[in-house]
Amino acid sequence: RNRAVDTDFLQYLEGERARLAKSLIRHNAGLHWDVASINEAVQVILDRLIFQRVCEDRDIDTFQTLRQALALWERHGRRKGDLWTLIVGNQANMRAAFNGGLYGRTGAPSHFVESCVVDDRWLADFIDHLAGDESPYLFSTLPIEILGSVYERFLGSIIDEQGNVTAKPEIRRQGGVFYTPEHIVAHIVDGALAPLLEGKTPEQMRRIQILDPACGSGTFLIRALEKLFQAHIHYYHLNVDKRDGKSVYLDVHGDLKLTSELKKRIAKECIFGVDIDPQAIEVSEMSIYL
């Protein structure tokens, strides 16, 4: 793989969104599909699969990779409907390990897509395109803003009850959904947070709570989180005696890094987002997780 995920990938997702919608409606005729449920189902399935691919390319343990699930399904005779069942079964492991909400929450009812029939042919083709030997995509370099672009594109169109994708730019305008360029986000967030973080200890920094009341795909919150991470690293560079194994460590290159535990704590205690659109929250949560 040698190609970063870019606009070609966004165009590919547009086509797969329509294919998946029609497939879900055709293979789950007993379900009542309205505009809200089909759009939600398509986004949840795509989000979960993309998130797993990013984790795989970043060498984060996902228990069973998508390629392994596909190979297992093929070895067992390609039984109809079993591929999605295998993937959903593994998502239960990821839900327990990550507990971030993308795969549902422990003890909460499972999402209805988990019991849907997802066409084996569509799913196998999608996995092969994203994870197969011939796949050009390098998901470890995925720019987080790509997910915001995906969200904006999805909001600019809607899937109807027949699975047809129709451009609806008025929806995006009515909801005020406009993607803010990265350099503007950086300028606003850095200017707002730099004075607040200067000279603070990690404990004092984690008392700062940052709210985006219309967070969209989480672009401002992601930048704020990165700024907090950088401020913590800067503190531990200057205060070697304050380092401990629970907060920071040196990687194989000798670079100072925050532990995953501390990163999760900062995200949980400092970062808050609200949005009127549940699809936006889904993408925002996924982006912050990544």
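Biologist: Which residue meets the side chain of Asp128 in a salt bridge?

Modeller: This is a predicted model, and a search of the whole structure finds 14 salt bridges. In one of them the side chain of Asp128 is paired at 2.9 Å, N to O, with that of Arg67. Asp128 belongs to helix α5 and its partner to helix α3, so the pair ties together parts that are 61 residues apart in sequence. The partner asked for is therefore Arg67.

Biologist: Is Arg206, which forms a salt bridge with Glu269, buried or exposed?

Modeller: The closest N and O atoms of Glu269 and Arg206 are 4.0 Å apart, and the pair links helix α11 with the loop between α9 and β5. Glu269 is partly exposed, with a relative accessible area of 29%. Buried means under 20% relative accessible area, and because Arg206 has 10% relative accessibility, it counts as buried.

Biologist: Which side chain of opposite charge is nearest to Asp47?

Modeller: Asp47 lies in helix α2, residues 35-57, and, leaving aside neighbours within four places in sequence, is in contact with Leu102, Glu282, Val283 and Met286. A salt bridge needs a nitrogen and an oxygen within 4 Å, whereas the nearest side chain of opposite charge is 8.2 Å away, and the buried Asp47 has no salt bridge. That nearest side chain belongs to Arg48.

Biologist: What accessible area do Leu211, Phe272 and Val274 have together?

Modeller: Phe272 is found in strand β8 and is partly exposed, with a relative accessible area of 34%. With Leu211 and Val274, Phe272 forms a nonpolar patch on the surface, whose accessible area together is about 270 Å².

Notes
Residues are numbered from 1 along each chain as its sequence is written. This is a predicted model: local features need pLDDT of at least 70, side-chain atom pairs count only at pLDDT 80 or more; totals for chains, interfaces and linings use all residues. Side-chain values use heavy atoms; hydrogens and water are left out. Patches are made of residues with over 30% relative accessible area and no salt bridge: like charges are joined within 9 Å, nonpolar side chains (Val, Leu, Ile, Met, Phe, Trp, Tyr) within 5 Å. Accessible areas come from the Shrake-Rupley method with a 1.4 Å probe; for residues, only the protein chains shown count as cover. Helices (H or I, at least four residues) and strands (E, at least two) are DSSP runs, numbered from the N terminus. Buried means under 20% relative accessible area, exposed over 50%, partly exposed in between (1.4 Å probe, protein chains only). Lys and Arg count as positive and Asp and Glu as negative; His and the chain ends are not counted. Contact means heavy atoms within 4.5 Å.
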